[in-house]
Amino acid sequence: MMKIQRKINISMIVLSLLSVFLLYVRITDYYQLTNKWVEHYDDHLKNYILVLWILAAILILVDVVLVYLWQKDISKGIWFGYGSLVLVFVGCLFQFNQAPNYKSYHITPYPISAMAVEKEVNSKNYKLSEQPIYFYRKTDSSYSKVRGQIRAYSLTQENDLPCIDMETLERELGKKRYNKVIKNADVKSNNALFFKYLNDDARSSRVTFNNLQKTTNLQEALRFIDKN
């Protein structure tokens with residue numbers, strides 16, 4: 001009987017430690033990854049972390065009760081505590097496997113204003129804070145594919161790129177200012193990347209990659225961005 005009791009005690013300690021480990025990993029992941037990737041929290045994320053903290057509170061309560069029961073040598077209560085600990089562990093294991101895809105909440109390419117695009121494109125100077133701008137036309141048939149590939153690049157390289165819908169750009173700037181921006185950016189297609197950078201002579205230069213629906217053009221553009 002003593003051997004069985006000892007095995008039960010050891011198994012409870014193991015279950016408690018495993019539960020603590022699972023909760024620690026997922027709670028730490030939640031705060032680190034939401035801080036990095038998430039701009040807007042939905043009910044799924046809120047409920048996920050709430051359940052984790054509830055499980056943590058229940059685990060603490062069960063452990064405290066079990067310690068008390070061990071001290072009082074109340075065997076019937078220990079069996080009840082053991083069953084509760086098993087249920088908590090199952091809950092922790094379930095939540096561990098239900099971790100959200102935090103990157104799916106990240107907005108990239110991210111939209112910027114028409115005024116910001118106009119200022120950057122028309123300016124002859126280069127600033128370190130400037131990023132390549134993705135010009136697109138949402139009605140274009142290849143828009144979703146190209147945007148998806150740029151998004152995948154941004155998430156992998158952790159390099160978010162700004163973007164602007166050319167219809168929005170024209171509507172907000174007006175025809176004349178819009179044409180000037182498109183001309184200065186040398187945009188000649190419905191999917192294009194405009195990039196200002198410093199050349200080998202430390203002078204401001206610019207390059208535009210058009211027709212990004214062609215895989216070779218998009219790959220060339222992204223390689224160029226990585227190098228500069």
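**Overall size**

I began with the radius of gyration, which is 28 Å for the chain. A compact globule of 228 residues would come out near 17 Å. I kept in mind that this is a predicted model. Next I looked up the extent of the C-alpha trace. Along the principal axes of the chain, the trace spans about 90 × 35 × 30 Å.

I then checked burial. Of the 228 residues in the chain, 40% are buried.

**Helices and strands**

I noted 8 helices and 5 strands in the chain. I followed the elements from the N terminus and wrote down α-α-α-β-α-β-α-β-α-α-β-β-α.

In what order do the strands sit in the sheet? I read E1-E3-E2-E4-E5. The sheet is open, and its pairing is mixed. Strand E1 (110-111) and strand E5 (204-209) are the edge strands, and each pairs on one side only.

I went on to the pairing of E4 with E5. Strand E4 covers residues 191-198. E4 and E5 run antiparallel and are joined by 6 bridges. In this region I found Phe-194 opposite Thr-208 of E5.

Which helix lies across E4 and E5? I found helix H8, residues 215-227. Helix H8 runs at about 25° to E4.

**Aromatic rings**

I turned to the rings. A pair of aromatic rings is described by the distance of the centres and the angle of the planes. I recorded 8 aromatic pairs in the structure. One of them joins Tyr-30 and Tyr-31. The centres of these two rings are 5.1 Å apart, and the planes stand at 90°. This pair is edge-to-face, because planes over 60 degrees apart count as such.

Is Tyr-30 buried or exposed? I read a relative accessible area of 5% for Tyr-30, so this residue is buried, the limit being under 20%. Tyr-31 has 43% relative accessibility and therefore counts as partly exposed.

I also noted an aromatic cluster. Phe-195, Tyr-197, Phe-209 and Phe-224 form it.

**Arginines over rings**

Last, I looked for charges over ring faces. Which residue lies over the face of Phe-96? I found Arg-26 there, at 3.8 Å from the ring centre. I noted Arg-147 too, over the face of Tyr-136. Its distance from that ring centre is 5.7 Å.

Conventions
Residues numbered from 1 in each chain as written. Predicted model: local features only at pLDDT ≥ 70, side-chain atom pairs only at ≥ 80, totals over all residues. Heavy atoms only, no water. Phe/Tyr/Trp six-rings, centres within 6.5 Å; stacked < 30°, edge-to-face > 60°. Buried < 20%, exposed > 50% of the residue type's maximum accessible area, 1.4 Å probe, protein only. Lys NZ or Arg CZ within 6 Å of the ring centre and 35° of its normal. Pairing = 2+ DSSP bridges. Helix = DSSP H or I, 4+ residues; strand = E, 2+ residues; numbered from the N terminus. Contact = heavy atoms within 4.5 Å. Axes fitted to C-alpha atoms, helices over the stretch in contact; angles between N-to-C directions. Rg over C-alpha atoms; globule rule 2.2 N^0.38 Å.
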